[in-house]
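Let us walk through this model from its overall build to its details.

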Amino acid sequence: MMNKNICLNLCKVSGIHPDKNLGQNFLINQQVIEDIVDSVEAGPEDTVVEIGCGIGALTYELCAEAGQLIGIELDKRVLPALESRLSEYNNYKIINQDVLEADFSSFGPKIKVVGNLPYYITTEIMKRLFTYHEYISDITVMMQTEVANKVVAKPGQDGYGLMSIMAANYGEVEVVTNVDGSNFFPPAPVQSTVLHIRILDKPRAVTSDEQHLFRFIKDALLLRRKTLLNSLAAAGYFGGDKAQIQEAIVKAGVEPSARAEKLTLQQLADLAEVFKK
Ligand code: SAM
């Protein structure tokens, strides 16, 4: 159970002043906590990895459901409060580490990932999780609505970009709920959205080199109002030689005057293959 009084009290007795720079907005609405935990659907056989445990609003509930919980928390100051909140459980391990350095392949063959993310690094975290897709069965995360909209955007829609393409490549995304800033302590200055992403057994795009694919997509989308031909010339493919670029685009079965933001994932993957150096 978590509410504003419990949160304030835990912060007070542990001498914690939430740190804006670490994205510390702690959840104080039990209903939102339950919505997130329910959508994780953790059972006794599951290993759940939580990103950014804070003072344990989600961790406490997750320990009750999961076989094992691994929490990754960067801020040493919150650890005593977190440990005291979890004192009735013995199925958890807290790792004091930057999530952007965490090795998600080391936690088990298929983990469930959950987190009320530190918003200042949402995009970096999502990219990192997608690179570990083989080891993850699903991801339930709260992030600022603005970024969540990018994750769910379809080709041609506002916000469509690398995030949308990665999410579509690796998973099936669903909006769980929208959360107002007043549900946090201190209140969050932005609207938030909880997403559930079921990771596919096999990524959708057929590609020989995932890293190259996403580098290429980033380049192709950089000048999103330009044609593919102009974007790729500006990005320096084939030394910026438009004739060669045009030929390569046609070879991939794509129209050179198309804009990258309108292309499907597989079209982008086909293009990436012919632009491989
Ligand atoms: N899960 C708690 C909750 O819902 O109340 C806290 C969520 S708070 C939005 C984000 C948490 O991520 C904070 O506890 C913060 O210290 C932690 N954090 C920030 N940067 C981090 C990083 N690079 N690696 C791991 N944890 C981080």
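The secondary structure of the protein amounts to 11 helices and nine strands. Helices (H or I, at least four residues) and strands (E, at least two) are DSSP runs, numbered from the N terminus. This is a predicted model: local features need pLDDT of at least 70, side-chain atom pairs count only at pLDDT 80 or more, and totals for chains, interfaces and linings use all residues. Residues are numbered from 1 along each chain as its sequence is written.

The C-alpha trace spans about 70 × 35 × 30 Å along its principal axes. Of the 277 residues, 43% count as buried. A residue is buried if 20 or more other C-beta atoms, placed from the backbone, lie within 10 Å of its own, exposed if 12 or fewer, and partly exposed in between.

Now the sheet. Seven strands form an open sheet with mixed pairing, in the order E4-E3-E2-E5-E6-E9-E7. Its edge strands are E4 (92–95) and E7, and each pairs on one side only. From one strand to the next, the twist averages 15°; axes are lines fitted to C-alpha atoms, and angles run from 0 to 180 degrees between N-to-C directions. Two strands pair if DSSP finds at least two bridges between them. E2 (residues 47–51) and E3 pair in the parallel sense over five bridges. Within this pairing, Glu50 has Gly71 in E3 as its bridge partner.

Turn to helix H6 (residues 145–152), where Val147, Ala148, Lys150 and Val151 are buried. Seen down the axis of H6, these buried residues fall within an arc of 155°, so they line one face of the helix. The arc is that of the directions from the helix axis to the C-beta atoms. The buried residues of H6 pack against H5 (122–131), E6 (136–144), H7 (162–170), E7 (171–179) and E9 (192–199).

Next, a loop. Gly67 sits between H3 and E3 (68–72). Gly67 is partly exposed because 13 other C-beta atoms lie within 10 Å. Leaving aside neighbours within four places in sequence, Gly67 is in contact (C-beta atoms, placed from the backbone, within 7 Å) with Pro44, Glu45, Asp46, Thr47 and Asn91. Gly67 and Glu45 are 22 residues apart in sequence, yet 5.2 Å apart in space, C-alpha to C-alpha.

Finally, the ligand. Which of the 22 residues around the ligand come nearest? They are Phe26, Gly52, Gly54, Asn116 and Pro118. E1 (26–27) and H3 (57–65) are the elements that give two or more residues to this shell.

Terms used: A residue is near a molecule or strand if its C-beta atom, placed from the backbone, lies within 6 Å of it. Two residues are in contact if their C-beta atoms, placed from the backbone, lie within 7 Å.
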